[in-house]
Amino acid sequence: TADHVAYDLYLKGPYYLNRPRPGLEGAVISFEAAIDRDPRFSRAYAGLANALALLTYFGDKPLDQKRVMSNASRALELDSAQADAHVALGIMHASVARFDVAEAELKAAIAIEPNNAAAHFQLGRCLMYVGRNAEAIESFERAKSLEPFQATFATWLGFTLLRSSTP
């Protein structure tokens, strides 16, 4: 976006996304405000889709598939190379055990943006859920190498390593 206020509102979203329980609601508000300011801001739509998808895990909210899908779709309409929109769709599909679709979305995100740590992390979770622990470990290690101080990545990596070594 060329709108500096919209961009500033957008930047608050990722800040809140890294503070899951109380922060996701703040992320939703920030991304919505950025969209209100600039309705053509694809990254804000993708951020909103991610925050809505993550509310299911961390915010104790029911998954609103329609809102996640509509915001991710809008992001992709505006910018077909919007990797975070695919991440949001991957999270959404994994939330309802459509792991094959989730994997495809997450791999699409990685194809667009190979250094997207969230895409690698979510792919690792998806692979772990279907018992593909060796591949999950690779994805978690890649995510951790991209964001070494992200404790969640290390936690899931450790959990999967433990799980794969237990008979």
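A search of the whole structure, which is a predicted model, finds eleven aromatic pairs. One of them joins F121 and W156 in an edge-to-face arrangement. F121 belongs to helix α7 and W156 to helix α9, so this pair ties together parts that are 35 residues apart in sequence. W156 also pairs with F140, and with the planes at 45 degrees that pair is tilted. F140 lies in helix α8, so its pair with W156 links parts that are 16 residues apart in sequence.

| Pair | Centre to centre | Angle between planes | Arrangement |
|---|---|---|---|
| F121 and W156 | 6.1 Å | 85 degrees | edge-to-face |
| F140 and W156 | 6.2 Å | 45 degrees | tilted |

F121 counts as buried at 8%. W156 is partly exposed at 22%, because the cut-off for buried is under 20%.

These residues belong to a wider group. F99, F121, Y129, F140, F153, W156 and F159 form one aromatic cluster.

**Helix α7**

F121 and R125 are among the buried residues of α7. This helix is mostly covered, with eleven of its 13 residues buried. Others in the buried set include A117, H120, L123, G124 and L127. What do the buried residues of α7 pack against? Their partners are α3 (42–58), α5 (83–95), α6 (99–112), α8 and α9 (151–165).

The helix length checks out. Helix α7 runs over residues 117–129, and its 13 residues should span 18 Å at 1.5 Å a residue. The end C-alpha atoms are 19 Å apart, which agrees.

Both ends have a feature to look at. N116 caps the N-terminal end of α7, with a side-chain oxygen 3.1 Å from the backbone nitrogen of A118. After the helix comes G131, whose phi is positive, near 85 degrees.

**S139 on helix α8**

S139 is found in helix α8, residues 133–146. S139 is buried, at 7% relative accessible area. Leaving out residues up to four places away in sequence, S139 touches H120, F121, L123, G124 and L127.

**Confidence**

The mean pLDDT of the protein chain is 91, and 97% of its residues reach 70 or more. Among the elements of the chain, α6 has the highest mean pLDDT, 98. Helix α1 (residues 4–17) has the lowest, 85. Where pLDDT is low, the predicted coordinates should not be read in detail.

Notes: Residues numbered from 1 in each chain as written. Predicted model: local features only at pLDDT ≥ 70, side-chain atom pairs only at ≥ 80, totals over all residues. Heavy atoms only, no water. Helix = DSSP H or I, 4+ residues; strand = E, 2+ residues; numbered from the N terminus. Buried < 20%, exposed > 50% of the residue type's maximum accessible area, 1.4 Å probe, protein only. Contact = heavy atoms within 4.5 Å. Expected span 1.5 Å × (residues − 1). Polar contact = N/O pair within 3.5 Å; in protein donor to acceptor, adjacent residues only side chain to side chain. pLDDT = per-residue confidence, 0-100. Phe/Tyr/Trp six-rings, centres within 6.5 Å; stacked < 30°, edge-to-face > 60°.
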